[in-house]
Structure formats: C-alpha cells, structure tokens
Amino acid sequence: MKTKMNTLRECIKEAERKGVAIGHFNISNLEGFHGVCNAAKKLNVPVIIGLSEGEEEFIGREEAVALVYTIRERDNFPIFLNADHHKSFESVKACIDAGFDSVIIDRAKLSFDENIKITKECVDYARMITKETGKDILVEAELGYIGEGSNIKDVIPEGAGILTTLKDAKNFVEMAGVDLFAPSVGSIHGLIKSGKPHINAGLVAEIRKVTGIPLVLHGGSGLRDVDFTNAIKAGISIIHISTEIRLAYDEALKKSLLDNPQETTPYKILEPAVEAIEKVVYDRLKLFNLLF
Ligand SMILES: [Zn+2]
C-alpha cells in the first residue's frame, strides 16, 4: 500500500527541521522534466518544477500538471509544480485552477502598496480554493527587485539588488498573508559576468525571524557553494536554479548536433541534453540537501 504523500507545505517543514533546502528547477520541455526527475529520484529528495509564464506557454499549463501528477501519483514521489514569477492575478488564478501546488506573484518592481494589493488578491483566491477543494496551495511573493530573466548579464541590472529591510519584510508578510517569502538578500537573477554578489546570510536569518515563514532564494545560478550552505543555515528553505540548466542544455544540444550531423532521431539527439540537465540538478540537489 502507498504511504500518504507529504504536501509541499509538509516537505518544506521537513526541510527546515533537517536544516536543508528544496531545489526548484525551471523547465521548458520534456527533456528538462526528465532531467530534473531523474536527478531527484536518484537522490530520493523532494523537488519543485518551476514554470515562468513563457515556459508555461511553451510546455502547456495542463500538460505540465499532468506530467508532475503522473510522477507523484504513479511513482509516489514528492514532486511539485510552481508557477514561477507570474505577473498578473489572471495568470496566477489560471495556474491554481489547473492544479499547481504553489504560485509566485512577482510584482517586486511595483510600489510596496501595489505589490501588497495584488499579492493579497492572489492569497485570497488560493484560500478560497483551498476551502472549496481541500487542496493546499502555497502563495509566494517577492519584495525587493533582483533583476529578471535566466540569462547571462554583463553587470547587475539598474535598480536591482537593493536589500529588503526587516521592517518592510515584516509588514509585507503580515499584510499580504503569504506562505513563502522571497526577499532580496544579495542574489540576482541570471549569471552576472562581472561577478556574483554574495548572500547576506545575517539578513536572511533576521528576515526569517521577523516574518516567521519559510524563505525562498532566487537567482541561485552561479553562487558559490558556501553561499548556498550559509543561506540554508540562515533559514532559506527553497532555492531556485534556472540559468545553469539552460546553459547545460544549450551546450549539450549544440554539441550533440555538431558531433552527429547525420543523426535524425530526436531522442538520440536530445539524450545528451537530458543528461546534462540531470547532472546540474543532481549536483545542486546534493548540495542543497547536504548530501556529501
Ligand atoms: Zn526567480
């Protein structure tokens, strides 16, 4: 008989208890999905699949739900689906309706009050659905702009990287009523050529204390291992990785095509790309779960 599957909320609690973090990895296609699943299954750790609005449009909203549910139900494996950086109430609502486990309403670029307003709207909707269906849905919001896009940047984008203050963090979480909080604590979305800023672990610990809820680290690609472990120790429960996966996929796919110009079978061309994603995810999950 199957044991009862932990919800994402329970998995996060468990991660906090163990002093580890859950990895969140963005995908655009089935190769990405298999790469992430294979790595998480090898290590037997919970994992979150993330879809930005663009990724979701490409892979298909309901299609992605079906993929994740298949692994969760058929294999009894703790894999979850998150709507990553969704910008409107409508897109958040569509993901909740489709069966996502968590959503991120990202209006960190708006004013504090506008950010609160739209976040609150999403939280209210999630709570209503939970009440109706019993399904637990987590809502995350960001406060403090840390740039956008999982790409390579020459320098830190203008206006990004201003650290979230304790006062703002506390007020925001209290007023918006979110389940998860992504503050600006030193990381930037994408890979920064001029050097990645460090994570302010002291600030992470203080924000965790004043907000009283689990924290999420975005812009993890390219950070040093010690920054991750310090961030986890300080109170980060979920870590997002995207750019590193994209680069691994891109490199492996180009090499595969160049090395085998006569090959026409997609699964043969794409296999190295799946393996490349799996390797990145495996190494990151090992680190986040402190499996040395
Ligand atoms: Zn992010």
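Visitor: Let's start with Ile 199: where in the chain does it lie?
Guide: Helices here are DSSP runs of H or I with at least four residues and strands are runs of E with at least two, both numbered from the N terminus. Going by that, Ile 199 lies in the loop between β8 and α8 (201-211).

Visitor: Before we go on, what kind of model is this?
Guide: Residues are numbered from 1 along each chain as its sequence is written, and side-chain values use heavy atoms, with hydrogens and water left out. Local features need pLDDT of at least 70, side-chain atom pairs count only at pLDDT 80 or more, and totals for chains, interfaces and linings use all residues, as this is a model that is predicted.

Visitor: Is Ile 199 buried or exposed?
Guide: With a 1.4 Å probe and protein chains only, buried means under 20% relative accessible area, exposed means over 50%, and partly exposed is in between. Ile 199 has a relative accessible area of 9%, so it counts as buried.

Visitor: How far apart are the C-alpha atoms of Ile 199 and Leu 217?
Guide: Contact means heavy atoms within 4.5 Å, and Ile 199 touches Leu 217, with Val 185 and Ala 231 also among its partners. Along the chain, Ile 199 and Leu 217 are 18 residues apart, and their C-alpha atoms are separated by 9.4 Å.

Visitor: Which residues are the protein donors of the zinc ion?
Guide: Donors are N, O and S atoms within 2.8 Å of the metal (3.2 Å for Na, K and Ca), and water is not among the atoms, so sites may look incomplete. The ones here lie 2.0 to 2.1 Å from the zinc ion, and they are His 85 (NE2), His 189 (NE2) and His 218 (ND1).

Visitor: How many residues apart are His 189 and His 218?
Guide: His 189 is buried at 10% relative accessible area, and His 218 is buried at 2%. His 189 sits in the loop between β7 (180-183) and β8 (191-192), while His 218 is in the loop between β9 (215-217) and α9 (225-234). This pair links distant parts of the chain, 29 residues apart.

Visitor: The backbone nitrogen of which residue lies 3.1 Å from a polar atom of the Ser 221 side chain?
Guide: Ser 221 is found in the loop between β9 and α9. It's buried, with a relative accessible area of 3%. The backbone nitrogen 3.1 Å from that side-chain polar atom belongs to Glu 244.

Technical notes. A polar contact is a pair of N or O atoms within 3.5 Å; within protein, one must be able to donate a hydrogen and the other to accept it, and residues adjacent in sequence count only if both atoms are side-chain atoms. Lists of a residue's contacts leave out its neighbours within four places in sequence.
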